[in-house]
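Biologist: Before we discuss this model, could you put the sequence and structure up, so that each term can be checked against its definition?

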Amino acid sequence: MKNIVEHRFEVTRKERNILNGHKGLVLWFTGLSGSGKSTIANALEKELISKNIHTYTLDGDNVRKGLNNNLTFSPEDRTENIRRIAAVSKLMLDAGLVVLSAFVSPYLKDREGVKIAVEEENFIEIYINTPLSECEKRDVKGMYAKARKGEIKEFTGISAPYEVPARPDIEIKTTELTIAESVNKILKEIEHKLAL
C-alpha cells in the first residue's frame, strides 16, 4: 500500500521460536460446519499444551463475533473473512505460536491465499472429512435444519459450495477415527515441523 513502510523489529521469529522451544506453525482445519474442526482442534491444543507447546486457537464463530462481525456470508465477505484470519494467523506465527485455525473456509483460492500469506513451510492444511449427511445428523447448532427450511441463505453444503481440498497435508475421516485417534494422527504428522 502507498505510504506504508513496514517496520523491521530487532527480535526475530527465530529468536521467539528458540525462546518457546519449538517452531511456530499454522494448522488450518477446514471442513463442513459440524464436521468436527473445532472439537479436534480443541483436543489437539490440549495435547500440545501438555507438551509445553505454545498455542492459540482461532475459531469461526468466535472470530465472527469480534474481528469480523461486520462481514456477511456472501462469497466476497467469506473471502475477506479468511484474508483477515490469515493476517492474524501470520502475526501469531511470527510470535512463535502454533496457531490452530478452525474455519469452514469453503474456497480453494482462499485457503491457497492463507498458505501464501503464512508461507508454505509454516502451513498445514487439515481436511476434516465428514460426509454432509453425518454433519446434518450432528447439527449441534441447528444450522442445517434452518438452512434446509430456507431460513439461512448461502449456507455451505446446502445453498453454497464447499470446495474439497485437492491435496490436504492431513485428512481426518471422522467416521473412521475417534477424536483421540485424530489427534494422534495429526501429532505424528507435525512433530518434525515443530522441532527447532
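Biologist: Which residues do ring pairs link into a cluster?

Modeller: Ring pairs link Trp28, Phe103 and Phe123 into a cluster, where rings of Phe, Tyr and Trp (its six-membered ring) pair if their centres lie within 6.5 Å. By this rule the count comes to four aromatic pairs. This is a predicted model, so local features need pLDDT of at least 70 and side-chain atom pairs count only at pLDDT 80 or more, while totals for chains, interfaces and linings use all residues. Residues are numbered from 1 along each chain as its sequence is written, and side-chain values use heavy atoms, with hydrogens and water left out.

Biologist: Why is the aromatic pair of Tyr127 and Tyr162 called stacked?

Modeller: A pair of aromatic rings is described by the distance of the centres and the angle of the planes. Planes under 30 degrees apart count as stacked, over 60 as edge-to-face and the rest as tilted. Tyr127 and Tyr162 lie 6.3 Å centre to centre with 20° between the planes, and the pair is therefore stacked. Tyr127 lies in strand E4 and Tyr162 in the loop between helix H7 (143–148) and E5, so the pair ties together parts that are 35 residues apart in sequence. Helices (H or I, at least four residues) and strands (E, at least two) are DSSP runs, numbered from the N terminus.

Biologist: How do you know whether Tyr127 is buried or exposed?

Modeller: Buried means under 20% relative accessible area, exposed over 50% and partly exposed in between, with a 1.4 Å probe and protein chains only. Tyr127 has 8% relative accessibility and so counts as buried, and Tyr162, at 15%, counts as buried too.

Biologist: What makes E4 largely enclosed by the rest of the structure?

Modeller: Seven of the seven residues of E4 are buried, which is why the strand is described in that way. Both faces are covered, with Phe123, Glu125, Tyr127 and Asn129 buried on one side and Ile124, Ile126 and Ile128 buried on the other.

Biologist: How do you know that E4 pairs with E1 and with E5?

Modeller: Two strands pair if DSSP finds at least two bridges between them. E1 and E4 have five bridges in the parallel sense, and E4 and E5 have four, also parallel, so both cases meet the definition. Phe29 has Ile126 in E4 as its bridge partner, while Asn129 has Lys173 in E5.

Biologist: What makes E2 and E5 the edges of the sheet?

Modeller: The five strands form an open sheet in the order E2-E3-E1-E4-E5, with parallel pairing. E2 and E5 each have a single partner strand, so one side of each is left without a neighbour in the sheet.

Biologist: Why are the buried residues of H2 placed on the same side of that helix?

Modeller: The buried residues of H2 are Lys37, Ile40, Ala41, Leu44, Glu45 and Leu48. They cover an arc of only 135° around the axis, which puts them on the same side of H2; the arc is that of the directions from the helix axis to the C-beta atoms. On the other side of H2, Lys46 and Ser50 are exposed.

Biologist: How do you know that the span of H2 is close to the expected one?

Modeller: The expected span is 1.5 Å times one less than the number of residues. H2 (residues 37–50) has 14 residues and reaches 20 Å from its first C-alpha to its last, close to the 20 Å expected.
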